[in-house]
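Dear colleague,

Please find the structure below, handed over for your own work.

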Amino acid sequence: MSFVAALSMPPASAASTNASTVAPATDEAPRYRVSVRALCEFTAKVGDLDLRFTPTPTAQEGIAGHAIVAARRGEHYQSEVALAAEHGSLHVRGRADGYDPQQQLLEEVKTYRGQISSQPENHRQLHWAQLRVYGHLMCEKLDLPQIRLALVYFEIGSQQETRFEETRPREELASLFASQCERFARWAAQELAHRAARDTALQTLAFPHGDFRPGQRQLAEAVFRAHRSRRCLLAQAPTGIGKTLGTLFPALKAAPEQRLDKILFLAAKTPGRQLALDAAATLTGRDGQGLPLRVLELCARDKACQYPDRLCRGDSCPLAQGFYDRLPAARSACLEAALLDRQRLQEIALAHQVCPYYLGSEMTRWSDLIVGDYNYWFDGGAMLHAMAQAHEWRVSVLADEAHNLVARARSMYSAQLSRAGLRAARAVAPPAVARPLQQLARAWTTATKGADLPYQVLEAPPARLVDALSNCIATLNDYLAQVAVPLEPALRDFHFDAMAFVRLAESFGPHSLFDLTRHDQRDNLLCIRNVVPAPFLGPRFAFAQSTTLFSATLAPWHYFADLLGMPPSTAWIDVDSPFHASQLQVRVAREISTTWQRRAASIDPICALMAHQYRQQPGNYLAFFSSFDYLQQARDALNRLHPDIPTWQQSPRMAEAERDAFLARFTCGGQGIGFAVLGGSFGEGVDLPGERLIGAFVATLGLPQFNPVNEQLRERMQTLFGAGYDYTYLYPGLQKVVQAAGRVIRTETDQGTVWLIDQRFARPEVRALLPGWWQVGQG
């Protein structure tokens, strides 16, 4: 079926809801399927938001902990018992952790770290609610008059169990279950109605602009086909065709047939997320009178937090106190918002005196389109991925500017610890945690003994070091449970770094390096450095119904497929450019070398070239250099040699207002050259159409720095993929070049010039990585 024909597709016979699934019941009324966990989290969470019993063990630790508990039971013990029952329009299902039929004993196992005495009461109340629902389901399944229930807490470090038991009659559990269901039923009815209205509207949704831009339809059709076949898609699509709407619209159109609960639109930077919100507003209408689609923007905790000097618990933060008691009213208010962006979410949260960040987390359960950063899905502790697994959501993932994902994912699955950071943490540590930090210092010394080179790769994180780190983490968690003030910044930062390091040490393998950088005899840096994110990201692609990665620079395909772990069935598309070679003059400065050895000699020729181009065609230009140092040298020289040419430049760590001021210089009719760093904030995601930008100078191939770390990366890429230089240097460098040059032509009427300044741009293997519609000439 073509994409156009899909506009008139009949309704699907079944659909699923957020945190649940809707399916026809025997009387043809829709059935709302909800997990035991989701039911109890909605109805049994009360009191304060309290994170003292977190961070919880990793998923791997949790699985191992459950396995240890099950192994300690008798041979008749049954693990992961599937249970289900119906109540009115609800179908409640879940898996009980364990059941002993000889004792008629049902267990709920919770893994944790630290002291059980630090557990907030409302946490245990929620766990009991879940266990009692499972108890009812088991009584119904086995026709039991009563059942023994055991809440088992398993401490990961000591592997000790703490048990709480009770016996409940069948009638009492049935009454508790009915009460839970009836409290949830009204909300479920509302969700069924919303889902039906949403899917009906999506089936008749028309493209909002009458017709597609050139190339946009080709992209949209590919995205729609990928959703229908439940495949991943790598889509290279030129800048300026409307990729955001060209991917979001077909994903929405596919949602009813594919029974999608949620579409996740992920971007690397704020401008990309804003484009998605603007596209959603075009579809839904900012007044909420258009498409009935619930849109949510997620932002980082540090940007949403109103009290950064407080702990996330009721006796410290006023927005955590009574959070779950005020949550229902705030949740209902959120559903009345046409578009729940960061500002609107904060307004509602503060009006109801609840934490904006955790209100946003709650609203992920009840939203259809979620806009956020890559880390919400791809990071090791990604909130959206964890919730999708827990609630069995069917999701589609759209990742914008996906050429960034390799570097971002490597960062997500890397962690480092500095000896200086440990000393700073020890200097401010309270007496309760001093001893574990001292033991860690000794383990650190042992681990680095004999590693005397400035940089070297070690075999693996030593077990003694990892154990000492785990002990420090547990002690700090216990300490935090007892106090009402945050850790000192140095100790807090080391705590977070230690947790990240330990998590990655558990999964260390050929996909990562364990290296040591020695600054001097006293200071060194230990790093678990991910080089191939594929083992971590592969399961994310497998879980989603469809994942589309799109960007103007996603070639060569195998580079991204290999490093990201794309499934073998992944589809590829290179969208035809709507632009023509006549719009862009691409010239190579073959007489200039920008290699490190010849960089100083390149300055004056580059300045002469820029001045000649500027005088020949005055207007606004961007000049890209590989570093701030190189940039500064070139600008200083141009100002000295050609003082009549206006210049302005990017500076390190520019604030948002400074970035806006930099871009404001590019006005219609304006003249001058803005100097920027290749691969920086002005090298992509910047839209300067028409006379606002008529040309760009790109000095160097953008190759990553030649250093010991990148050389180790090259060796690993050669071992794994047989293309060490290309995967480490050439492909990442040329992606930055094409992105930077892509700032010049933004519409079908733009005209411009791009100078590629380095003789290596004339090489065939480099030319092959440039856009096919370019006609590259000699300068």
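In this predicted model, helix α4 passes helix α9 in a left-handed crossing. Helix α4 covers residues 170-203 and helix α9 covers residues 323-335; the two pack at an angle of about 15 degrees, and their axes are 14 Å apart. Because angles under 35 degrees count as roughly parallel, α4 is roughly parallel to α9. On the α4 side, the contact is made by Trp187, Gln190 and Glu191. On the α9 side, Arg331, Ser332 and Leu335 make the contact. By class, the residues of this contact between α4 and α9 divide into two nonpolar, two polar and two charged.

The crossing of α16 with α17 is left-handed. From α16, the residues that meet α17 are Ala432, Val433, Pro436, Leu437, Gln439, Leu440, Arg442, Ala443, Trp444 and Thr446. Their counterparts in α17 are Arg464, Leu465, Ala468, Leu469, Asn471, Cys472, Thr475, Leu476 and Tyr479. The residues of the contact of α16 with α17 comprise 13 nonpolar, four polar and two charged.

The remaining findings concern a sheet. Four strands form an open sheet in the order β13-β16-β15-β14, and their pairing is antiparallel. Strands β13 (415-418) and β14 (455-458) lie at the edges, each pairing on one side only. On average, and with direction ignored, neighbouring strands of this sheet are turned by 20 degrees against each other.

Which residue of β15 is the bridge partner of Val457? The partner is Asp515.

Helix α18 (residues 489-506) packs on this sheet, where it touches β13, β15 and β16 (524-530). The direction of α18 makes about 130 degrees with that of β13.

Yours sincerely

Key:
Residues are numbered from 1 along each chain as its sequence is written. This is a predicted model: local features need pLDDT of at least 70, side-chain atom pairs count only at pLDDT 80 or more; totals for chains, interfaces and linings use all residues. Side-chain values use heavy atoms; hydrogens and water are left out. Axes are lines fitted to C-alpha atoms, for helices over the stretch in contact, and angles run from 0 to 180 degrees between N-to-C directions. Angles under 35 degrees count as roughly parallel, over 145 as roughly antiparallel, 65 to 115 as roughly perpendicular and the rest as oblique. A crossing is left-handed if the near helix is turned anticlockwise from the far one by less than a right angle, and right-handed if clockwise. Contact means heavy atoms within 4.5 Å. Ala, Val, Leu, Ile, Met, Phe, Trp, Tyr, Cys and Pro count as nonpolar, Asp, Glu, Lys and Arg as charged, and the others, Gly among them, as polar. Two strands pair if DSSP finds at least two bridges between them.
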